[in-house]
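Here is a short briefing for someone opening this model for the first time. Look at the structure first, then read the points below.

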Amino acid sequence: MLANELFKKELKVINIGLLSFKESLDKEGVKTIQIDWKPPATEDEETLDALKKLLGNK
Amino acid sequence: MAVKGVIKKGEYYDSVSLMLVAREATKLNGVEDAALMIGTKENKSILESSGLLIEEFKGASESDLLIAVKAKDELLAITAIQKVEELLKTKNLGSRESEEYMPKSLEGALEILPDANMVIVSVAGKYAAREAMKALEHGLHVMIFSDNVPKDKAFEVKKYGREHGLLVMGPDCGTAIINGAPLGFANVVNRGDIGIVSAAGTGLQEVSCIISNTGGGISQGIGTGGIDVKKDFQGMSFLTGLEALINDPETKVITLVSKPPHPEVLEKISEVLKKTDKPVVAAFLGADPELVKKIGAIPAKDLEHASLLAVSISKGISMEDFEKEIGRKDGELKELASQLARKLTGEQKYFRGLFQGGTLVYETQVLLKDILGGINSNAPLDPSLKLEDSWKSVGHTAVDLGEDEFTVGRPHPQIDFELRNKRILNEANDPTVAIIYLDVVIGYGTNPNPAEELAPVIKKAREISNAIIIATVTGTDKDPQDKAKLISMLKDAGAVVFERNASATRLAGYILKSIGG
Amino acid sequence: MMQKIALMAESFGDCINLNSDWKQIRIHSTFRNVINLLVSSQIISIVAPAVGRGPNNIVVDIDDFRQFKYINWHDKILYLDDYGIDFSGAEKYDSEIFIPSLNRGEFMCNLQISEKVVVKEAPQLSSAFLLDDSREKFFKTLFERNLKEKIKITFKALMNGYFDAVNELKGVGFGLTPQGDDIINGIVIALYIFEQISGVKTVNIREKFYLQSSNGNALSNTFIYYSSVGRFYEYFKDYLLAILSDGKNVESVTRRILNFGETSGADILTGFIISLKKFLEGGLLWQ
């Protein structure tokens, strides 16, 4: 969606991070969803192999 | 056999309570089986295999308590459920506080809000670009509040946005106003026909507030972050924002706000401006007005000037009337300055600005440069004016309290007033200080009670010293803080209060000039 | 400024930063002995002395926390209703553990003793049936049996190296911290201890367990998080030190965990004992 189309629509927000931004938008009546964000997991083929080894499953 | 169930929203019980109650329930007359569990997906599958999953449970979430009973007939089942609820109540075991459901991923959020169109990212800088890119790939516009985003990642994100016509506001974009909604640190302003693109966060707040406070209105306020107009980034977000405003039928006047962009970026802006007849006002603080004219924009001296120009054009007020009004106001300022200056002693000669807003400290330095010849700062216009110790003022000083050195381990000065309050009293104890200058930025994201935080300190400073205290407030009447009350409290405490940084700075300049600053 | 009466904190955990900004604070849940606060997405608990110290616990001697309705953070002071919490006399709790030099025979013996206590004394509907299948008889109704089967199948799968079983195990069970989450917590603690005594790095696996098992349950998330970074609650730290050293109090420290209300203690211990034994059998430790 181009920026100009955004201007014609109702703003609907996904918030990743500071909860206070969602709370502000809630007060202004803007529909907002908060994501329960966590730092991404490590890329982990290796990790899984290590776990299997630990458990004695090759 | 009949199965009945209820959902208790947002009630927490420890597992032993739930087990005990479930056990007691199975002893009730005619009851075959009973379960009390929180509504996780896994628990639902257990309920299902036990024949206890009623239709309503399917939509329940992890913060819901599910109670299910299987009994010989419906009446016995209902009676048992009532008994279970009583047991829970009489034992008063649980807690009623609830948690709202939060999806884990962008995809999860889009399932709940499929027509979302904006993503605000404020996670740690090293992860922010990744989240922003995901949003862009879903065709969503983004505002990246996070700073410290690696430069190459920031570039990739901006480039993607530029190529796909998507807004990438940031990184390090503190403020935006989209479709009337304040994003990040922003004010609640009137809607109208003036569109703003700003590479300066507090600059966007200042301009949108002055416009709104003088009867104008904002169509869109697009932030880009300061790095956008530097050479490496080629104004990618700035240009997308500008084009969007040019193509926006609701925007009649365009206002550009920034520190002077890199010449190559100016050139690109100039190319884009050739495509429009809309009047464009540019406050490129400290830039040569001739250069600004050359790119096809009307140069504004400062943020106040830019705002008033934009409102005049929007309202169809002639330039002559506008200049007359500005002249009259300036006369008033000079008169007030000479009155105030008389109260100072011969020893008092220095300006001490303690700023919350990065753009405002910059603007003040630009405006006072000609009068004072230079101001020491931790964020100086000229590297030779850099304060050796940011915590200690020397001569004329303007400090940006939002710089990293002050914010490590504590909230931004717009939220936490403590540091500045201490510094105000330090300055008041310095007999050579003539003016203590303060900005107060209100709106969403900032301290909810600035008046209570600041007024007592101003009062105390006035008791210690007869230095003039000038305060400028950036905000509107619709902001969550009570602006009118804030201003009256600051005045009662003994400050001279403005709602425009440029006017307030000029007053300071005239005072210093009249005492031979 | 608005402080009326101070509540004296006895201790606070070493993972609590008293100088940080707690603006986004709210009550998550309140019990007689605990108020759980949600600060951003982390839990900080204000607890009675009986609950004990912990990496994210603030210990305050209060009879019943359910009397408090509001939490507030103002001017760097934490308030329960109008009562400010005074940290001036509070001791900082060190949640890390330093493993003494280990005697293999004694350690295995200690683990055995603690397992026996769990099998004998754990609450009926806890996961201790995973240690001893004669306990399966406690699960009577169809629902209880299905719950037990679910835990059994997913746990076995996990122990056979099917990591995705974490997705099926998390969130299984009754209450505030479902049994499945507690079992996972126990496995994560075992991974940490295994690293300490064997030198085999498990940090990535622990992180993966934490990330994979994170769900909407902020309490479980917090417990597993602290375990994954080697931070322990007082009662569990005492337990670990007992089985890793002289073993004098193994029975009593195990019992203390089992008595820790609900089934949580038994579930954590079950996950811990089975997986640690499994890691040790992997043969990597005593070469």
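**Briefing: chains A, B and C**

Strand β14 (residues 350–355) of chain B and β15(B) pair in the parallel sense over 4 bridges. Strands pair here if DSSP finds at least two bridges between them. Helices (H or I, at least four residues) and strands (E, at least two) are DSSP runs, numbered from the N terminus. This is a predicted model: local features need pLDDT of at least 70, side-chain atom pairs count only at pLDDT 80 or more, and totals for chains, interfaces and linings use all residues. Residues are numbered from 1 along each chain as its sequence is written, while chains are lettered from A and ligands numbered from 1 in the order in which they are written.

**Strands β14 and β15 of chain B**

- Gly353(B) has Ala398(B) in β15(B) as its bridge partner.
- Between the two strands, the chain passes from β14(B) through helix α13 (residues 358–372) of chain B to β15(B), and this β-α-β crossover is right-handed. Right-handed describes a path from the first strand over the helix to the second that runs clockwise, with the strands pointing away from the viewer.
- On strand β15 (residues 397–400) of chain B, Thr397(B) and Val399(B) point one way. Ala398(B) and Asp400(B) point the other way, and all are buried.
- A residue is buried if 20 or more other C-beta atoms lie within 10 Å of its own, exposed if 12 or fewer, and partly exposed in between, with C-beta atoms placed from the backbone.

**The parallel sheet of chain B**

- In chain B, 5 strands form an open sheet in the order β15-β14-β16-β17-β18, with parallel pairing.
- Its edge strands are β15 and β18 (496–498) of chain B, and each pairs on one side only.
- Neighbouring strands of the sheet are turned by 15° against each other on average, direction ignored.
- Helix α7 (residues 201–213) of chain B packs on this sheet and touches β16 (433–441) and β17 (468–474) of chain B. The direction of α7(B) makes about 85° with that of β17(B).
- Axes are lines fitted to C-alpha atoms, for helices over the stretch in contact, and angles run from 0 to 180 degrees between N-to-C directions.

**Helix α7 of chain B**

- Helix α7(B) has 13 residues. From first C-alpha to last, α7(B) reaches 18 Å, close to the 18 Å expected at 1.5 Å a residue. The expected span is 1.5 Å times one less than the number of residues.
- Helix α7(B) is mostly covered, with 13 of its 13 residues buried.
- Gly215(B) follows α7(B) and has a positive phi, near 95°.

**Arg162 of chain B**

- Arg162(B) lies in helix α6 (residues 151–164) of chain B.
- Arg162(B) counts as partly exposed because it has 19 C-beta neighbours inside 10 Å.
- Leaving out residues up to four places away in sequence, Arg162(B) touches Met236(B) and Thr240(B). Contact requires C-beta atoms, placed from the backbone, to lie within 7 Å.
- Arg162(B) and Phe238(B) are 76 residues apart in sequence and 9.5 Å apart in space, C-alpha to C-alpha.

**Where chain A meets chain B**

- In this contact, 28 residues of chain A touch 37 residues of chain B.
- On the chain A side, the elements that give two or more residues are α1 (3–8), β1 (12–16), α2 (19–27) and β2 (31–35) of chain A.
- The largest share of that side, 5 residues, comes from β1(A).
- By class, the chain A side has 17 nonpolar, 6 polar and 5 charged residues. Ala, Val, Leu, Ile, Met, Phe, Trp, Tyr, Cys and Pro count as nonpolar, Asp, Glu, Lys and Arg as charged, and the others, Gly among them, as polar.
- β1(A) and strand β4 (residues 118–121) of chain B pair in the parallel sense over 4 bridges. Ile14(A) stands opposite Val119(B) in β4(B).

**Where chain C meets chain B**

- This contact takes 33 residues from chain C and 32 residues from chain B.
- The largest share of the chain C side, 5 residues, comes from α2(C).
- By class, the chain C side has 12 nonpolar, 17 polar and 4 charged residues.

**Chain totals**

- Chain B has 18 helices and 18 strands, and 55% of its 517 residues count as buried.
- Chain C has 9 helices and 9 strands, and buried residues make up 49% of its 287 residues.

Conventions
Contact = placed C-beta atoms within 7 Å.
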